[in-house]
Amino acid sequence: MSKWELARYLIDAKKCVDSILYIEQNLASLKNVGVREKVNTKRDAFFTRCCIVLDKALPKKKKELCATDQIVERLYYERDKNSAHKDADYVPVDYSSLADVAHEMQTQIVHIRDICTDALPSVV
């Protein structure tokens, strides 16, 4: 996969964060839209895309990364236990607000960019 194809997955993940930030800022106007479902859909897409970047940028390093990096471990946990399919033993994080959800996702995406920097275009 080329650097720009990989960057596209990261950019799409960033769009998911932006969508959740938009929902959080306009929550009062969106109360009849099914916000929980929209947020869950965006989170699922976010985790899937971030893990694609990790899998392609750092192939065969999932176990090593999960053992040494809590952020990467959390991304794979969310994808494997909740986003890709629903496991009965999944334990969700209890967030106090959508802002907290978005902040954690921002932290995760910056971390992914930092550890995958060699596999991404320099302008990302």
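Predicted model: local features only at pLDDT ≥ 70, side-chain atom pairs only at ≥ 80, totals over all residues.

Let me begin with helix 4, whose buried residues pack against helix 2, helix 3 (62-68) and helix 5 (98-115); here helices are DSSP runs of H or I with at least four residues, numbered from the N terminus, and contact means heavy atoms within 4.5 Å. Residues are numbered from 1 along each chain as its sequence is written, and side-chain values use heavy atoms, with hydrogens and water left out.

Which residues of helix 4 are buried? They are Val 72, Leu 75, Tyr 76, Glu 78, Arg 79, Asn 82 and Ser 83, where buried means under 20% relative accessible area, exposed means over 50%, and partly exposed lies in between, with a 1.4 Å probe and protein chains only.

Turning to its partner, the axes of helix 2 and helix 4 come within 9 Å and cross at roughly 125°, which makes helix 2 oblique to helix 4. Axes are lines fitted to C-alpha atoms, for helices over the stretch in contact, with angles running from 0 to 180 degrees between N-to-C directions; under 35 degrees counts as roughly parallel, over 145 as roughly antiparallel, 65 to 115 as roughly perpendicular, and the rest as oblique. On the helix 2 side, the residues that meet helix 4 include Phe 46, Phe 47, Cys 50, Cys 51 and Leu 54.

Helix 1 (residues 3-25) and helix 2 (residues 35-57) pack at an angle of about 155°, their axes 9 Å apart, and that makes helix 1 roughly antiparallel to helix 2.

Helix 1 also packs with helix 5: their axes come within 9 Å and cross at roughly 165°, so helix 1 is roughly antiparallel to helix 5 as well. In this contact, residues of helix 1 including Leu 10, Val 17 and Ile 20 meet residues of helix 5, among them Met 105, Ile 109 and Ile 112.

Finally, consider Ala 67, which sits in helix 3 and is exposed, with a relative accessible area of 68%. The C-alpha atoms of Ala 67 and Gly 34, which are 33 residues apart along the chain, are separated by 37 Å.

Key:
Helix = DSSP H or I, 4+ residues; strand = E, 2+ residues; numbered from the N terminus.
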